[in-house]
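Dear colleague,

Here is the structure I promised to pass on, with the sequence alongside. My notes on what was found in it follow below.

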Amino acid sequence: MLVPSRRRLRLEVWIVLGLSLGQSAVYSVVQLLDKMTRAPLAEGTSTLNRSQSTREYFDLTYQLLDIIFALVPVLLVLYFLTDQRQASSGHGSNPGSAFQKLGFNFARPGRDLLQGLGLAALIGIPSLGLYAAGRALGITTAIIPSELDAYWWTVPVLILSAMRHAVVEEVIVVGYLMNRFGKLGLSIPLSIMASSLLRGIYHLYQGFGPFIGNVVMGIVFAWLYTRTRRVMPLVIAHALLDIVAFVGFSLFGKAVGLG
């Protein structure tokens with residue numbers, strides 16, 4: 001099997017991040033500076049699911065297009081992680097499959113679901129407290145999970161949006177980066193910290209409270225991944241957290257903290 005050089009792997013990682021969450025991290029830092037130089041952070045807001053048109057079906061179209069195109073970097077990652085020789089060999093378990101390498105499959109649905117539920121509870125409840133503390137200290141903006149109008153498609157689109165965020169973040173920031181960092185010679189602790197800091201940075205636009213919370217979440221998720229080599233429980237947990245936040249706010253109008 002042909003092993004990519006470290007130089008090629010580094011270039012690959014920069015391309016993936018430049019097309020996805022690395023780009024988000026850069027924008028997040030700029031947005032934070034913009035908010036801090038306008039007014040105190042406590043007076044700022046961060047809206048996650050914005051309406052993009054006053055016309056119902058154009059708004060729906062824009063929402064769906066955003067979700068679809070956000071998943072393209074995930075497809076790129078899966079392509080990079082697939083061993084083409086093993087994948088084309090036709091052997092049963094297909095060890096060359098990126099889905100199998102990442103544990104991004106339905107090989108153990110019951111166990112993955114239970115782990116996902118446990119992680120969602122472990123992360124979600126403290127996140128609410130951290131959000132409240134951040135607001136009280138003036139280091140966190142008011143988070144508005146959704147400003148979509150109440151159409152028939154609002155809740156399904158918010159669920160799809162939550163699943164999009166979960167897949168993009170966990171597959172790229174945990175599964176892909178932990179794989180590539182290992183091949184680049186980084187130790188497991190350093191890989192976990194780099195992955196976690198990236199997660200925190202692309203949430204900085206929400207303030208310093210969400211930055212801290214997401215770094216902690218990243219450490220827990222990346223550590224668990226090193227133990228199980230399965231990204232599916234992380235995707236389930238993240239999706240549940242965002243579904244509760246997005247749909248809960250849409251239905252009840254209460255600001256909630258996000259993981």
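Please keep in mind that this is a predicted model. I begin with a pair of helices, where Met-217, Phe-221, Leu-224 and Tyr-225 of H10 are in contact with Leu-234, Ala-237, His-238 and Leu-241 of H11. Sorted by class, the residues in this contact between H10 and H11 are seven nonpolar and one polar, with no charged residues. Helix H10 covers residues 208–228 and helix H11 residues 232–252, and the two pack at an angle of about 155° with their axes 11 Å apart. Since angles over 145 degrees count as roughly antiparallel, H10 and H11 are therefore roughly antiparallel to each other.

Arg-230 forms a salt bridge with Asp-112, and the closest N and O atoms of the pair are 2.7 Å apart. Because Arg-230 lies in the loop between H10 and H11 while Asp-112 belongs to helix H7 (residues 109–137), the pair ties together parts that are 118 residues apart in sequence. In the whole structure, the search finds six salt bridges.

Turning to the surface, there is a nonpolar patch formed by Phe-58, Tyr-62, Leu-64, Leu-65, Ile-68, Phe-69, Val-72, Leu-160 and Met-163, which together have about 820 Å² of accessible area. Helix H3 (56–70) and helix H8 (154–183) are the elements that give two or more residues to this patch. H3 gives the most, with six residues, and Phe-58 is found in this helix.

With best wishes

Note on methods:
Residues numbered from 1 in each chain as written. Predicted model: local features only at pLDDT ≥ 70, side-chain atom pairs only at ≥ 80, totals over all residues. Heavy atoms only, no water. Axes fitted to C-alpha atoms, helices over the stretch in contact; angles between N-to-C directions. Helix = DSSP H or I, 4+ residues; strand = E, 2+ residues; numbered from the N terminus. Parallel < 35°, antiparallel > 145°, perpendicular 65-115°, else oblique. Contact = heavy atoms within 4.5 Å. Nonpolar A, V, L, I, M, F, W, Y, C, P; charged D, E, K, R; others polar. Patch = residues over 30% accessible without salt bridge, like charges linked within 9 Å, V, L, I, M, F, W, Y side chains within 5 Å. Areas by Shrake-Rupley, 256 points an atom, 1.4 Å probe, with all protein chains shown as cover. Salt bridge = Lys/Arg side-chain N within 4 Å of Asp/Glu carboxyl O.
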